[in-house]
Amino acid sequence: MSEWCQNKKCPEKKNQGQIRGSKGAKYYQSNKSSSYYFHWCSMGCRDQWWNEHKDTCMQAVGFIDKQIIPLEDAWFVEYRYDWRAEQQDRYHLVNKLKGVDQAITQQQAQTSEQIANQNYWYTINGTQAKELAVTLGLAS
Ligand SMILES: [Zn+2]
């Protein structure tokens with residue numbers, strides 16, 4: 001990763017902070033790339049770079065067809081914070097495509113590591129949710 005903003009037009013912003021050199025030989029230079037914007041200094045420079053290079057990027061990555069998640073794979077676990085609800089009603093095993101929305105326990109909703117770390121809003125992933133649905137007899 002270069003330390004400099006990858007938008008070649010970055011110096012054209014002509015910001016005060018981009019001025020370098022001594023009197024009579026001054027110039028504008030690119031900003032450093034930011035850790036937040038990765039290879040660019042700002043969202044503006046990232047957008048400008050993307051507008052210029054999106055065709056090249058898409059050719060390199062390749063186009064994909066429509067993606068789908070079928071009914072039997074559409075399980076997920078959701079954490080719903082509600083100060084009125086009891087702790088045990090905060091986790092739900094959901095499959096909207098099947099019309100299922102069932103309260104589950106924290107032990108079912110989270111991995112032992114998530115429980116140990118007290119990350120209440122984290123839940124098991126979609127694959128684990130599907131396995132749980134099978135275990136509970138909601139799916140086969
Ligand atoms: Zn820039």
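Biologist: How should I read relative accessibility at Asn 119, and does this residue count as buried or exposed?

Modeller: The idea is a threshold on relative accessible area, where buried means under 20%, exposed means over 50%, and partly exposed covers what lies in between (1.4 Å probe, protein chains only). Asn 119 has a relative accessibility of 17%, and therefore counts as buried. This is a predicted model, in which local features need pLDDT of at least 70 and side-chain atom pairs count only at pLDDT 80 or more, while totals for chains, interfaces and linings use all residues. Residues are numbered from 1 along each chain as its sequence is written, and side-chain values use heavy atoms, with hydrogens and water left out.

Biologist: Where does Asn 119 lie, and which residues is Asn 119 in contact with, leaving aside its neighbours within four places in sequence?

Modeller: Asn 119 sits in the loop between helix 3 and helix 4, the elements being DSSP runs numbered from the N terminus, with helices (H or I) of at least four residues and strands (E) of at least two. Contact means heavy atoms within 4.5 Å, and once neighbours within four places in sequence are set aside, Asn 119 is in contact with Gln 110 and Gln 114.

Biologist: What phi does Gln 118 have, and what is the phi of Phe 38?

Modeller: Most residues other than glycine have a negative phi. Gln 118 is not a glycine, yet its phi is positive at about 55 degrees, and this residue belongs to the loop between helix 3 (112-116) and helix 4 (126-135). Phe 38, again not a glycine, has a positive phi of about 70 degrees, and is placed in the loop between strand 2 (27-28) and helix 1. Its relative accessibility is 48%, so Phe 38 counts as partly exposed.

Biologist: Which residues coordinate the zinc ion, and what is the geometry of the site?

Modeller: Donors are N, O and S atoms within 2.8 Å of the metal (3.2 Å for Na, K and Ca). Here the SG atoms of Cys 5, Cys 10, Cys 41 and Cys 45 coordinate the zinc ion at 2.3 Å. Four donors count as tetrahedral if all angles lie between 85 and 135 degrees, and this site is tetrahedral, with angles of 105 to 117 degrees among its four donor atoms. The spacing of the donor residues in sequence is C-x4-C-x30-C-x3-C. The pair of Cys 5, in the segment before strand 1 (19-20), and Cys 45, in helix 1 (residues 43-61), links distant parts of the chain, 40 residues apart; both of these cysteines are buried.

Biologist: How many residues make up the largest nonpolar core, and which element gives the most to this core?

Modeller: A nonpolar core is a set of buried Ala, Val, Leu, Ile, Met, Phe, Trp, Tyr and Cys residues joined through side-chain atoms within 4.5 Å. The largest one has 12 residues, among them Trp 75, Val 77, Ile 124 and Ala 133. Strand 4 (91-95), strand 5 (100-104) and helix 4 each give two or more residues to this core, with helix 4 giving the most, three residues. A second, separate core of five residues includes Cys 5, Cys 10, Trp 40 and Cys 45.

Biologist: What pattern does the protein follow along the sequence?

Modeller: The protein has four helices and five strands, arranged as β-β-α-β-β-β-α-α-α. Buried residues make up 23% of its 140 residues, and its C-alpha atoms fill a box of roughly 80 × 40 × 25 Å along the principal axes.

Key: Four donors count as tetrahedral if all angles lie between 85 and 135 degrees; four count as square planar and six as octahedral if opposite donors are over 155 degrees apart and all others between 65 and 115; anything else is irregular.
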